[in-house]
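Open the model in your viewer and keep the selection panel at hand. We will go stop by stop.

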Number of protein chains: 2
Amino acid sequence: MLVSNPFLQVTKMSRTLSTRLVRGNVMAAACPSREILRHLTSRWGVLVLIALLSGTRRFSDLRRTIGGVSERMLAQTLQWLEQDSMLNRRDYNTVPPHVEYSLTSLGREAAQKVQQLADWLEVKLPAILDARGSVTTGVNNT
Amino acid sequence: MLVSNPFLQVTKMSRTLSTRLVRGNVMAAACPSREILRHLTSRWGVLVLIALLSGTRRFSDLRRTIGGVSERMLAQTLQWLEQDSMLNRRDYNTVPPHVEYSLTSLGREAAQKVQQLADWLEVKLPAILDARGSVTTGVNNT
DNA sequence: TTACTTTTTGTAAGTACTTACAAAAATGTT
DNA sequence: AACATTTTTGTAAGTACTTACAAAAAGTAA
């Protein structure tokens, strides 16, 4: 009955009596990977990760870069990603506030994966819109 | 003033007088890529794409594979992805219904990118949870 | 005839996300 | 003194996502 589900991946056992599972399974509803995946692929999370790939940035800087994000959601998203150890938050404790955000090594890896998807999408966008029956002119709206 | 924004990517001009933009820009709020990115990275969209990487599947089959998804949301997500030309829907027009879903070549490319992120996450999950201060036992909850 | 099959949609209700707006801090500028 | 600066949080209100549940189609099995 073991491994009847192809998504249930038990790759290693601990030396103790108890089974130790060493990797997540996004197909399992209760797996913690689900929550983190939601953060990484959230509407603004994706864009924050990509924006931070170019280096350390301040809050307002990110807000200017990421078109359409509100202060509220940017703050929210940054907190999610910080809690998941995807980014570092450096607070200079000054007034007015000066806070810098940068990717952790973990975050950089995630950001690269996300960036590859976004980059692919940007390139394929005209083809996708064509297939949809839309026009390809004016794609770059600001 | 052109190209003052590093995310505004104009890579080609048409032969006519009008400017023809040939790739999207996810950082621009009004760019159509935004909507498609949301579909690809949506809570269930990610999992549908990954599940379909293993081949053609029926509705209930997908529902069983993707833990926690409701019929309503699975149907909704499948429609989004179908409209974006990411998957084909083959209806046998029988009663009871028999419908098969499979990735288009476009969808397969997107799914692979998404899968790489999910795969990375599954492997890194224990490290992420450790950094969070949680335990790594029982990660594979079903 | 009654039950079961599969997929999709409608409804109602609930949760989560998102926005707009105001507020706060301590210092520098006009 | 009045104002701008930067980041975050609170509130209230609105939109979008999500669930649970019932319904429908037309045959087949009991």
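Before moving on, some ground rules. This is a predicted model, where local features need pLDDT of at least 70, side-chain atom pairs count only at pLDDT 80 or more, and totals for chains, interfaces and linings use all residues. Residues are numbered from 1 along each chain as its sequence is written, while chains are lettered from A and ligands numbered from 1 in the order in which they are written.

**Stop 1: the two copies**

Select chains A and B. Two copies of a chain are related by a rotation about an axis and a shift along it.

**Stop 2**

Show the contacts between the chains. Two residues are in contact if their C-beta atoms, placed from the backbone, lie within 7 Å. By that rule, 57 residues of chain A are in contact with 57 residues of chain B. Now colour helix H1 (33-40), helix H2 (45-52) and helix H5 (105-132) of chain A; these elements give two or more residues to the side that touches chain B. H5(A) gives the largest share, 19 residues. Helices (H or I, at least four residues) and strands (E, at least two) are DSSP runs, numbered from the N terminus.

Colour this side of chain A by class: 31 residues are nonpolar, 16 polar and 10 charged. Ala, Val, Leu, Ile, Met, Phe, Trp, Tyr, Cys and Pro count as nonpolar, Asp, Glu, Lys and Arg as charged, and the others, Gly among them, as polar. The copies meet through the same surface, because 100% of the interface residues of chain A are also interface residues in chain B.

**Stop 2: one chain, end to end**

Chain A has five helices and three strands. From the N terminus, the order is α-α-β-α-α-β-β-α.

Select the three strands. They form an open antiparallel sheet in the order S1-S3-S2 (chain A). Strands pair if DSSP finds at least two bridges between them. Strand S1 (57-58) and strand S2 (87-91) of chain A are the edges, each pairing on one side only. Five bridges join S2(A) to strand S3 (residues 99-103) of chain A. Pick Arg90(A): Glu100(A) in S3(A) stands opposite.

Next, centre on Val48(A). Beyond its neighbours within four places in sequence, Val48(A) is in contact with Leu62(A), Ile66(A), Thr77(A), Leu78(A) and Leu81(A).

**Stop 3: the DNA**

Bring back chain B and select DNA strand D. Which residues are closest to DNA strand D? Of the 21 that surround DNA strand D, the closest are Arg58(A), Ser60(A), Pro96(A), Arg72(B) and Val95(B). Near here means a C-beta atom, placed from the backbone, within 6 Å. Colour helix H3 (59-65) and helix H4 (71-83) of chain A, plus helix H4 (71-83) of chain B; these give two or more residues to the surface near DNA strand D. That surface divides into 10 nonpolar, five polar and six charged residues.

Finish on DNA strand C. Of 22 residues around DNA strand C, Arg72(A), Val95(A), Arg58(B), Ser60(B) and Pro96(B) come nearest. The surface near DNA strand C has 11 nonpolar, five polar and six charged residues.
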